[in-house]
Number of protein chains: 2
Amino acid sequence: MRQSHLFTKTLKDAPKDEVSKNAELLIRAGFVYKEMAGAYAYLPLGLRVVENIKRIIREEMNAIGGQEIIMTALQRKELWEKTDRWNDETVDVWFKSQLKNGTEIGFGWSHEEPITEMMTQYIKSYKDVPVFVYQFQTKLRNELRAKSGILRGREFVMKDMYSYTKNEEEHEEFYQHAIDAYKKVFLRAGVGDDTFVTFAPGGAFTEFSHEFQTITDAGEDTIFYHREKNVAINAEVLNEKTLADLGVSRDELTEAKTAEVGNIFNFGTHKSTQLGLQFADETGGITSVHLGSYGIGVTRLMGVIAEKFADDRGLVWPSAIAPFSVHLVSLCKEMDVEKADNIYHILTQAGIDVLYDDRMDIRAGEKFADSDLIGIPVRLVVSPKTLEQSCVEYKHRSETDAVLVLLNEIVAKVQAL
Amino acid sequence: MRQSHLFTKTLKDAPKDEVSKNAELLIRAGFVYKEMAGAYAYLPLGLRVVENIKRIIREEMNAIGGQEIIMTALQRKELWEKTDRWNDETVDVWFKSQLKNGTEIGFGWSHEEPITEMMTQYIKSYKDVPVFVYQFQTKLRNELRAKSGILRGREFVMKDMYSYTKNEEEHEEFYQHAIDAYKKVFLRAGVGDDTFVTFAPGGAFTEFSHEFQTITDAGEDTIFYHREKNVAINAEVLNEKTLADLGVSRDELTEAKTAEVGNIFNFGTHKSTQLGLQFADETGGITSVHLGSYGIGVTRLMGVIAEKFADDRGLVWPSAIAPFSVHLVSLCKEMDVEKADNIYHILTQAGIDVLYDDRMDIRAGEKFADSDLIGIPVRLVVSPKTLEQSCVEYKHRSETDAVLVLLNEIVAKVQAL
């Protein structure tokens, strides 16, 4: 894409009321726009990152048998009353409104209830399970405070998956598949090394749940971890019993601030029983379905990555989720413009995603500053000087040194990454 | 995809309160699930159709320079007050709620206001226009009645595009590009022949707007059209003056019931002036930006197509938006199952999207009924009988006669479509 046509452009300043580092950077770099506290629009660069993250998640969820659906934002009061989650005292993040006839409705902050009720239409017999469905849903949550940019919004994209299985054994099998799939997602997104499967409070039905916690100063959580033993414990459940269960001692653990980028949860048969989701088993008996839920905060993950890898010059995207693979910055004028255009064509025709800074009236220093702020993994600079040597200047966003690469070797060099 | 693993399955009956033909068919065939009147979830088959329609639209919008973004559902009262569209007397479809601090907010039923206000941050000079942005947004509208299935919902997916141009001439040029792009969208989606660019009421700023109206009994509109002269007039503006302007006479026009699948609208400089979207022009003067808006009802289009082409046996999808290209129905048992599996592998490895009815305990009649209800364009039946002749039975959903095709000619036959 030609940068001269790209909507948007970088900004000198983020809005004065923006206090979070991730949102401040993403706004200045032109990835997001702040509509109100906790609600951000995603502009072309930002939407590309969101879609890249979704693509990775989609591939990994499909690989373990997940099937994509999309539920509604509008929610029925009577459904959520069945599980005692309609009341504002029980759930304090509802947005509610009314239909014209006065019927009270809510806006979806979570979807266990509607999906589980829907399943009563499709799961009648042991032959109808297991079922694994997931969605990318824009959740609406009336958060009291929304000061963490896209890490905790009033409106955000979540991938939520639900497993419906016939018994504890089948549940456990899929639960393990989900853990493995989640690890792959975070590895591919570039935060695998610093993301830990963390023992966390389990709620009413299980002793523990599992959170995926990524080390970042932007996080609101604290974990204690041991990298070699591959153990991590949320501070909320750090006690003698947990330590003993996991076979670690307190003083061999490292403390870290983290953000919860995913969680998986075993509801057992509790919610299915509440909502009447039962099936006829092989012996003709009636059994409640086992429910597991598996979330990844898509836009939160984007915010964590933005904030975690940023340096004092701007964003630094891991290649799998970067908005473009290559930022081709041209300092060419007049006769040389055509040569720069030609490099752009060669790269794009090789299937490489290129942002091409073809802007004419912008100084080199400003172009480099913009390039660093936007944070595309590879920067190629083409100028009269590099063209004299039939080269472009090649530099990784995360490195300081640039090298000259021959024009006819660029495609191979970029594709080898 | 193996049908034995597909969520969902066909249902004998739609919900008793479902009065629309499109929703009744789509529910029975397992494409959608009714959460409440006017709010439907999209299940795997349905989501595939939605995504196919979005892909076509995305390609055509990108081709005319559109850039994809996504705005927020949450809306600020003070913004919409600037254009006098907050008041429930002016706009009667708002869902509204409050933040915890009592601040009133709305849920997006349209997005001209937030996008135009956002543009004040990015458009300052004549060098910053034109800009063309679009989104696929889940719109929330508090409709008094919601009885048309997915044709008029309280929650539905719309593609809305906005053009920001420096003057009337630049606006007109893009407006014409948009008309052409829309024609391509409807042609590719399978309703090109029966979709008319229709003269419709223009509102306060222009005499006419243009609607894209598709002939269907499910429609709520009436148009008068002349196919050869390529003229169509919404009944609301059918009068002597319009007829004279367009050079047609009343008695050469045919009346038809239609559904509005798209509309394009010229706001002139009105809304930009209200919201302070102005730029410094070449001469240093200050000018308001020209705004055009361009909508396509994505889920409505799906509903129109579902209802328009359906026959008494079920849905009939045009190939470009069908959930799968081929429905491979196996009547094989025991030794032959492997042979049917093999055909499935050959087709999928050739890049063909196949739904493979590999279910074992289902009678042939039921499989054929399901296949007709789901409406995939090509049905291939493999049975011990066809295998004896090294063939499968090949039939178009919209045709009655089946032919035998040799196994080694199937891929070519399907790809030649």
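Helices (H or I, at least four residues) and strands (E, at least two) are DSSP runs, numbered from the N terminus.

This is a predicted model, in which local features need pLDDT of at least 70 and side-chain atom pairs count only at pLDDT 80 or more, while totals for chains, interfaces and linings use all residues. Residues are numbered from 1 along each chain as its sequence is written, and chains are lettered from A and ligands numbered from 1 in the order in which they are written.

Next, select Ala340(A), Ile343(A), Tyr344(A) and Leu347(A), which are buried in H9(A). Seen down the helix axis, the buried residues of H9(A) fall within an arc of 100° (taken from the directions from the axis to the C-beta atoms), so they line one face. Just after H9(A), find Gly351(A), with a positive phi of about 85°.

Now go to Val32(A) and Val32(B), which touch the most other members of the largest nonpolar core, a set of 216 residues. A nonpolar core consists of buried Ala, Val, Leu, Ile, Met, Phe, Trp, Tyr and Cys residues joined through C-beta atoms within 7 Å. A second, separate core has nine residues, including Phe199(B) and Tyr225(B).

Finish at helix H1 (residues 21-28) of chain B, where the buried residues include Asn22(B) and Leu26(B). Gly30(B) follows H1(B), and its phi is positive, near 85°.

Note on methods: A residue is buried if 20 or more other C-beta atoms lie within 10 Å of its own, exposed if 12 or fewer, and partly exposed in between; C-beta atoms are placed from the backbone.
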